[in-house]
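Hello,

Here is the structure I said I would pass on. Please open it alongside this note; my findings follow below.

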Amino acid sequence: MNGNQDNEQPSLENWEKVIRINLTSGFVVAKAALPHLMQTQGSIVTVASIAGIRSGPTLSAYCASKAGVIALTQSIAVDYAEQKVRANAVCPGWVKTEMANEEMASLAKDTGETLEQAYKRVTKLIPARRPSNPEEIANAIAWLISPEASFITGAVVPVDGGSLTVDVGMTAFM
């Protein structure tokens, strides 16, 4: 949820809504879960976004909220590591979800393309050349909460098909 309209900055109401949905809700859940996680030496994996690391047009509220999720996660990692609570963030790129489909439908309408053509347009410069599916994000989360990731805390894991590795200044050569 980006909360921005027509290349304008979001209204204060939309800004606060996006922050509440994407960041404050994670804080509330973590606060409630931490006593149990300290007893069980549990793990938190938050879902941020590559938009929390890089920005795009008209996404100020969304990007700020997802950057906040990353900072919250890393703060939990620092504050609770001695209690053997781990906290990590996954940062998906484009994932075929209902929300992404709405974004693609809007792009498709603007460009006269189909939904699949819109997905191809937004992923053409991503090394994997496709969006992920929800299962791929879930697999990364499952690994981060597993014993195999027992010494990983405070990590920010892009699950983005390589999009964060691309130097935008070199995309003319792709």
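**Cysteines without a bond**

The sulfur of cysteine 63 lies 11 Å from the closest cysteine sulfur, in cysteine 91, and that is too far for a bond. A pair has to come within 2.5 Å to count as a disulfide. The count of disulfides is therefore zero by this rule. Cysteine 91 is in no disulfide either, since its nearest cysteine sulfur is that of cysteine 63, 11 Å away. Cysteine 63 is buried, at 8% relative accessibility. Cysteine 91 is buried as well, at 0%. Please keep in mind that this is a predicted model.

**Helices α1 and α2**

In general, two packed helices are described by the angle between their axes and the distance between the axes. Take α1 (residues 12-40) and α2 (residues 60-80): their axes come within 8 Å and cross at roughly 15°. The two helices are therefore roughly parallel to each other. Their crossing is right-handed.

Which residues of α1 meet α2? On the α1 side they are Trp15, Val18, Ile19, Asn22, Leu23, Gly26, Phe27, Ala30, Leu34 and Met38. On the α2 side they meet Ser60, Ala61, Tyr62, Ala64, Ser65, Lys66, Gly68, Val69, Leu72, Ile76 and Tyr80. By class, this contact has 15 nonpolar, five polar and one charged residues.

**Helices α3 and α4**

The second pair is α3 (residues 98-111) and α4 (residues 115-123). They pack at an angle of about 95°, with their axes 8 Å apart. That makes α3 roughly perpendicular to α4. From α3, the contact takes in Ala100, Asn101, Met104, Ala105, Leu107, Ala108 and Thr111. From α4, it takes in Leu115, Ala118, Tyr119, Arg121 and Val122. Nine of the contact residues are nonpolar, two polar and one charged.

**Valine 45**

Look next at strand β1 (residues 43-47), where valine 45 is found. Is valine 45 buried or exposed? Valine 45 counts as buried, at 18% relative accessibility. Leaving out residues up to four places away in sequence, valine 45 touches Asn88, Val90, Ile141, Leu144 and Ile145. Valine 45 and isoleucine 145 are 100 residues apart in sequence, yet 7.2 Å apart in space, C-alpha to C-alpha.

**Isoleucine 152**

Isoleucine 152 sits in the loop between α5 (134-145) and β3 (156-159). Its relative accessible area is 25%, so isoleucine 152 is partly exposed. Which residues does isoleucine 152 touch, not counting residues up to four places away in sequence? They are Arg86, Asn88, Trp143 and Leu144. Glutamine 74 is 78 residues from isoleucine 152 in sequence; their C-alpha atoms are 11 Å apart.

**Two backbone angles to check**

Most residues other than glycine have a negative phi. Glutamine 41 is not a glycine, but its phi is positive, about 55°. Glutamine 41 lies in the loop between α1 and β1. Lysine 84, also not a glycine, has a positive phi of about 65°. Lysine 84 is in the loop between α2 and β2 (86-92).

Best wishes

Key:
Residues numbered from 1 in each chain as written. Predicted model: local features only at pLDDT ≥ 70, side-chain atom pairs only at ≥ 80, totals over all residues. Heavy atoms only, no water. Axes fitted to C-alpha atoms, helices over the stretch in contact; angles between N-to-C directions. Helix = DSSP H or I, 4+ residues; strand = E, 2+ residues; numbered from the N terminus. Parallel < 35°, antiparallel > 145°, perpendicular 65-115°, else oblique. Left-handed = near helix turned anticlockwise from the far one by under 90°. Contact = heavy atoms within 4.5 Å. Nonpolar A, V, L, I, M, F, W, Y, C, P; charged D, E, K, R; others polar. Buried < 20%, exposed > 50% of the residue type's maximum accessible area, 1.4 Å probe, protein only.
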